[in-house]
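Here is a set of questions and answers for someone meeting this structure for the first time. Please look over the sequence and the model before reading on.

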Amino acid sequence: MSARSARDEEFSAYLDARQPQLLRTAYLLTGDRHQAEDVLQTSLAKLYLAWDKVRDRGSVDAYVRRIMVNENNSLWRRGWKRREFAAETIPDHAISDAYDEGLSSALWDVVQTLPQKARAVVVLRYYEQLTEAETADVLGISIGTVKSQCSRALAALRDRVPSDLSPAHREEEQ
C-alpha cells in the first residue's frame with residue numbers, strides 16, 4: 001500500500017466518523033443548511049491538504065473547527081452575503097419543549113441575532129460542549145475573552161428570548 005493510499009484511507013475513516021458532527025457544528029455557526037455544507041466542504045478540503053501537517057491526530061477536530069470558524073468569518077466579510085431579504089409576513093414558529101441541538105428554530109432564531117464571534121463562542125461552548133480552554137484554542141483567543149463573550153452573549157440572549165420560551169414563563173404555566 002502506498003503512502004498516499006494509506007493517507008487517503010486514514011482521512012476517509014476520519015470523515016466517516018466525524019462528518020455528521022462537523023456538519024452540525026457548521027450549521028450552528030452559519031444558521032443555514034446550504035451555507036453549512038459549503039463551509040464544511042471547503043474546510044474539509046483545506047484539512048485534506050494539510051492532513052500530513054496535523055501530527056497530533058487527537059487534535060484534528062479542534063483544527064477543523066478552527067478552519068470552519070475562519071471560513072465562516074471570511075464568508076461574512078464578502079459584500080454579497082450581507083444582503084437581507086424582507087418578507088411580507090413573519091412566519092409563525094411552533095414552540096417545542098424538547099432538548100434543542102440547534103435543529104429547531106425557536107431558540108436558534110434568537111441565537112442567530114448574536115454577533116458572529118459571540119455566536120461562535122456560544123456554539124462551541126454550549127452546543128459542542130467544549131471547555132473554555134478548548135474554545136479559546138479553536139478561536140485563537142484568550143480564556144478570559146471566551147468567558148466575557150459567553151457572559152455578554154448569554155445576557156443578550158436572556159434579553160432577547162421571547163417570553164414564551166423563557167423558563168420563568170414555563171413555571172408560571174405549570
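A residue counts as buried when its relative accessible area is under 20%, and as exposed when that area is over 50%. The model discussed here is a predicted one.

Q: What share of the residues in the protein chain is buried?
A: The cut-off for a buried residue is a relative accessible area under 20%. Applied to the 174 residues of the protein chain, buried residues make up a share of 36%.

Q: How many helices and how many strands are there in the protein chain?
A: Read along the sequence, the protein chain follows the pattern α-α-α-α-α-α-α-α. The count that goes with this pattern is 0 strands and 8 helices.

Q: Are α5 and α7 roughly parallel or roughly perpendicular to each other?
A: Helix α5 covers residues 116-127 and helix α7 covers residues 143-160, and their axes, 9 Å apart, pack at an angle of about 100 degrees. Angles of 65 to 115 degrees count as roughly perpendicular. The two helices, α5 and α7, are therefore roughly perpendicular.

Q: Which residues in α7 meet α5?
A: On the side of α5, the residues taking part are Lys117, Ala118, Val121, Val122, Arg125 and Tyr126. By class, this contact of α5 with α7 has 8 nonpolar, 1 polar and 2 charged residues. The residues that α7 brings to it are Val146, Gln149, Cys150, Ala153 and Leu154.

Q: Is Ala153 buried or exposed?
A: Ala153 lies in helix α7, and, leaving aside neighbours within four places in sequence, Ala153 is in contact with Leu114, Ala118 and Val122. Its relative accessibility is 2%, and the cut-off for buried is under 20%. Ala153 therefore counts as buried.

Q: How do the axes of α6 and α7 lie, roughly parallel or roughly perpendicular?
A: The axes of α6 and α7 come within 8 Å and cross at roughly 105 degrees. Residues Glu132, Ala133, Thr135 and Ala136 in α6 meet Ile143, Val146 and Lys147 in α7, and these divide into 4 nonpolar, 1 polar and 2 charged. With a crossing of roughly 105 degrees, α6 is to α7 roughly perpendicular.

Q: Which residue has a side chain joined to that of Glu128 by a polar contact?
A: Glu128 lies in the loop between α5 and α6, and it is buried, with a relative accessible area of 14%. Not counting residues up to four places away in sequence, Glu128 touches Gln21, Arg24, Thr25, Arg65 and Val123. The side chain joined to that of Glu128, by a polar contact of 3.1 Å, belongs to Arg24.

How values were computed: Residues are numbered from 1 along each chain as its sequence is written. This is a predicted model: local features need pLDDT of at least 70, side-chain atom pairs count only at pLDDT 80 or more; totals for chains, interfaces and linings use all residues. Side-chain values use heavy atoms; hydrogens and water are left out. Axes are lines fitted to C-alpha atoms, for helices over the stretch in contact, and angles run from 0 to 180 degrees between N-to-C directions. Helices (H or I, at least four residues) and strands (E, at least two) are DSSP runs, numbered from the N terminus. Angles under 35 degrees count as roughly parallel, over 145 as roughly antiparallel, 65 to 115 as roughly perpendicular and the rest as oblique. Contact means heavy atoms within 4.5 Å. Ala, Val, Leu, Ile, Met, Phe, Trp, Tyr, Cys and Pro count as nonpolar, Asp, Glu, Lys and Arg as charged, and the others, Gly among them, as polar. Buried means under 20% relative accessible area, exposed over 50%, partly exposed in between (1.4 Å probe, protein chains only). A polar contact is a pair of N or O atoms within 3.5 Å; within protein, one must be able to donate a hydrogen and the other to accept it, and residues adjacent in sequence count only if both atoms are side-chain atoms.
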